[in-house]
Amino acid sequence: PGAPGAPESPAAARAAARALGFAADSVVVEKGAHRLTLFLGGTVARVYDVALGQSPVGAKERAGDNRTPEGLYHIEGRNPFSRYHLGLRVSYPNAQDRARARALGVEPGGDIMLHGLPNGQGQVGAAHRAYDWTNGCVAVTDEEIEEIWSAVPVGTPIRFVP
């Protein structure tokens, strides 16, 4: 991994996927079910329970609304130096999100990630899922984000559904 948000090299992506045994070709986050699923060729490869933004109902509209986006995005970068254990950057806001925010007269927000727990708090483990605690990101355990990090290359589509 390179600088925060930097694209990974194709060789690094292949090596990470080989270590796990597969590279996901799509990701779906089902907000209502608090579930993240990795797919390979239309088949479920892995499923994870997640915590979401503190106000998970509805699509993200503005900075500070603590909502997790809805719609189709892609993984646009990696942040190995995040204040959370690893971070995969989501391409929110897209052009439609920026236009909606402009029409509302607000900032769309950004910096939406799939990430682990806050650095130094990995011992919390799965208990973090007892409530939605992020500012709009999707959180998993540190072990789970390590697996997702290895399986999900930059450019992978990610769909958020209600």
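**Exercise 1. Contacts across the sequence**

Task: In this predicted model, consider the contacts between residues at least 6 apart in sequence, and state what percentage join residues at least 24 apart.

Solution: Begin with the contacts in the protein whose residues are at least 6 apart in sequence. Within that set, select those joining residues at least 24 apart; they amount to 64%.

**Exercise 2. Elements and surface**

Task: Determine how many helices and strands the protein has, and in what order the elements run.

Solution: The protein contains three helices and eight strands. Reading from the N terminus, the order is α-β-β-β-β-β-α-β-β-α-β. Turning to burial, 43% of the 162 residues are buried. The protein exposes about 7,600 Å², of which carbon and sulfur atoms supply 53%.

**Exercise 3. The surroundings of Asp132**

Task: Locate Asp132, decide whether Asp132 is buried or exposed, and identify the polar partners of its side chain.

Solution:

1. Position. Asp132 belongs to the loop that links strand S6 (113-115) with strand S7 (138-139).
2. Burial and charge. Asp132 is buried. The nearest side chain of opposite charge is that of Lys31, 9.3 Å away. A salt bridge requires a distance within 4 Å, and Asp132 has no salt bridge.
3. Polar partners. The side chain of Asp132 forms a polar contact with the side chain of His34 at 2.9 Å. A polar atom of the Asp132 side chain also lies 2.8 Å from the backbone nitrogen of Leu52.
4. Neighbours. Leaving aside residues up to four places away in sequence, Asp132 touches His34, Ala51, Leu52, Gly53, Gln54 and Pro56.

Methods:
Residues numbered from 1 in each chain as written. Predicted model: local features only at pLDDT ≥ 70, side-chain atom pairs only at ≥ 80, totals over all residues. Heavy atoms only, no water. Helix = DSSP H or I, 4+ residues; strand = E, 2+ residues; numbered from the N terminus. Buried < 20%, exposed > 50% of the residue type's maximum accessible area, 1.4 Å probe, protein only. Lys, Arg positive; Asp, Glu negative; His and termini not counted. Polar contact = N/O pair within 3.5 Å; in protein donor to acceptor, adjacent residues only side chain to side chain. Contact = heavy atoms within 4.5 Å. Areas by Shrake-Rupley, 256 points an atom, 1.4 Å probe, with all protein chains shown as cover.
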